[in-house]
Amino acid sequence: MAPILQIDDLKKTYKGGFEALKGVTLDIEAGEILALLGPNGAGKTTLISTICGITMPTSGKVLVGGFDTVSEYRKARGLIGLVPQEINLEPFETVWNTVRLTRGVFGKTRDDALLEKILRRLSLWDKKDSRIKELSGGMKRRVLIAKALSHEPKVLFLDEPTAGVDVELRKDMWDIVADLKRDGVTVILTTHYIEEAEAISDRVGVISAGKLLLVEEKDALMARMGQKQLKIELRETLDQVPPALSDHDLELADDGQALIYTYDTRKDRTGITTLLSELSKAGIVLRDLSTRQSSLEEIFVGLVKENAA
């Protein structure tokens with residue numbers, strides 16, 4: 001079976017020459033949850049906007065459920081639900097009419113029972129007759145989610161969904177995403193936060209400067225995030241790592257004045273105790289010890305440097 005979402009060499013260049021997307025290629029399977037991570041200006045929102053038909057691509061192709069997002073826009077867009085970052089709702093309309101209108105816009109037949117189920121799931125049922133302007137910011141974001149789900153999409157985009165939201169909504173959102181996954185809905189969320197990706201995603205993508213730098217299974221990426229380094233500063237300079245220490249993941253640093261030991265914080269044993277004992281046996285005198293943990297930012301930087309090389 002073909003992937004529900006197929007992105008092939010997608011590019012977007014704005015007037016003035018700014019390249020927001022630089023040949024993004026990605027397949028996403030039905031029922032998959034993909035977290036797209038990246039700093040501000042990385043191209044996350046542009047990618048979503050282009051897939052959803054809000055922004056026209058400069059070149060490349062996107063298929064949603066086999067439908068081209070340009071030549072078969074209505075069919076493709078009908079399969080997509082979008083929860084944008086910005087809260088852009090008609091302030092004087094009621095919650096109920098707002099959600100019902102969205103379902104109608106997508107050509108779906110009236111289904112009040114479904115809409116009631118969605119509103120109850122989002123703790124909005126008691127607010128159904130309230131005007132949008134009377135709602136809190138968190139409630140307005142719930143309305144955006146209800147709108148996105150009203151036409152029963154097969155692919156749901158959540159663009160920075162927890163930006164400025166309360167803890168209760170965040171938990172509700174992840175519960176809803178889990179329910180959607182069980183129903184076979186594909187979910188793509190953009191976020192700054194590795195914790196969100198870790199909580200619910202199957203795969204994680206990293207985008208920077210308009211390029212998709214990697215797409216990995218979540219567990220594989222989190223293993224990389226779990227790496228930690230012990231820096232061992234030495235009293236005397238070494239020309240090489242002593243053969244007696246070859247079993248350890250060591251590299252020489254600072255012109256031979258330090259050793260770097262990389263280990264996995266998720267393992268039961270780090271091997272540090274054994275390493276320090278063997279350093280002593282080898283007659284190597286330590287001057288200082290320090291540790292540092294890989295961060296998502298460092299992974300971004302490392303990938304960008306590799307890409308630029």
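**Loop residues, strand pairing and helix packing**

D255 is found in the loop between β12 and β13, where strands (E, at least two residues) and helices (H or I, at least four) are DSSP runs numbered from the N terminus. The structure is a predicted model, in which local features need pLDDT of at least 70 and side-chain atom pairs count only at pLDDT 80 or more, whereas totals for chains, interfaces and linings use all residues. Residues are numbered from 1 along each chain as its sequence is written, and side-chain values use heavy atoms, with hydrogens and water left out.

Although D255 is not a glycine, its phi is positive, at about 55 degrees. The relative accessible area of D255 is 76%, which makes the residue exposed; the classes are buried under 20%, exposed over 50% and partly exposed in between, for a 1.4 Å probe and protein chains only. D254 likewise lies in the loop that joins β12 (250-253) to β13 (258-264). A positive phi, of about 50 degrees, is found for D254, again a residue that is not a glycine. With 40% relative accessibility, D254 is classed as partly exposed.

An open sheet of 4 strands is arranged in the order β2-β1-β4-β5, with antiparallel pairing. Its edges are formed by β2 (19-28) and β5 (67-68); each has a single partner strand, so one side of each is left without a neighbour in the sheet. Pairing requires that DSSP find at least two bridges between two strands. Strand β4 (residues 59-64) and β5 run antiparallel and are joined by 2 bridges, with V64 opposite F67 in β5. Helix α1 (residues 44-51) lies across β1 (5-13), β2 and β4, and runs at about 115 degrees to β1. Here axes are lines fitted to C-alpha atoms, for helices over the stretch in contact, and angles between N-to-C directions run from 0 to 180 degrees.

The loop between β2 and β3 (33-37) contains E32, which counts as buried at 8% relative accessibility. When residues up to four places away in sequence are not counted, E32 touches K181, V185, T186, V187, D202 and R203, contact being defined by heavy atoms within 4.5 Å.

Strand β7 (residues 155-159) is mostly covered, 5 of its 5 residues being buried. In a regular strand, side chains alternate between the two faces of the sheet. In β7 both faces are covered: V155, F157 and D159 are buried on one side, and L156 and L158 on the other. Strand β6 (residues 80-83) pairs with β7 in the parallel sense over 4 bridges, and L82 has F157 of β7 as its bridge partner. Parallel pairing also links β7 to strand β8 (residues 186-191), in this case over 5 bridges. Within β8, T190 stands opposite D159.

Helix α3 (residues 95-105) packs against helix α5 (residues 137-149) at an angle of about 30 degrees, and their axes are 8 Å apart. This geometry makes α3 roughly parallel to α5 (roughly parallel under 35 degrees, roughly antiparallel over 145, roughly perpendicular 65 to 115, the rest oblique). The crossing of α3 with α5 is right-handed, that is, the near helix is turned clockwise from the far one by less than a right angle, with anticlockwise being left-handed. The contact involves V95, T98, V99 and T102 from α3, together with V143, A146 and K147 from α5. Its residues comprise 4 nonpolar, 2 polar and 1 charged, where Ala, Val, Leu, Ile, Met, Phe, Trp, Tyr, Cys and Pro are nonpolar, Asp, Glu, Lys and Arg charged, and the others, Gly among them, polar.

The buried residues of α3 are V95, W96, T98, V99, T102 and R103; α4 (112-121) and α5 are among the elements that cover them. Just after α3, G107 adopts a positive phi of about 75 degrees.

The axes of α5 and helix α6 (residues 167-182) come within 11 Å of each other and cross at roughly 10 degrees; these two helices are therefore also roughly parallel to each other. On the α5 side, the contact is made by G138, R141, R142, I145 and L149, and on the α6 side by E168, L169, D172, M173, I176 and L180. The residues of this contact of α5 with α6 divide into 6 nonpolar, 1 polar and 4 charged.
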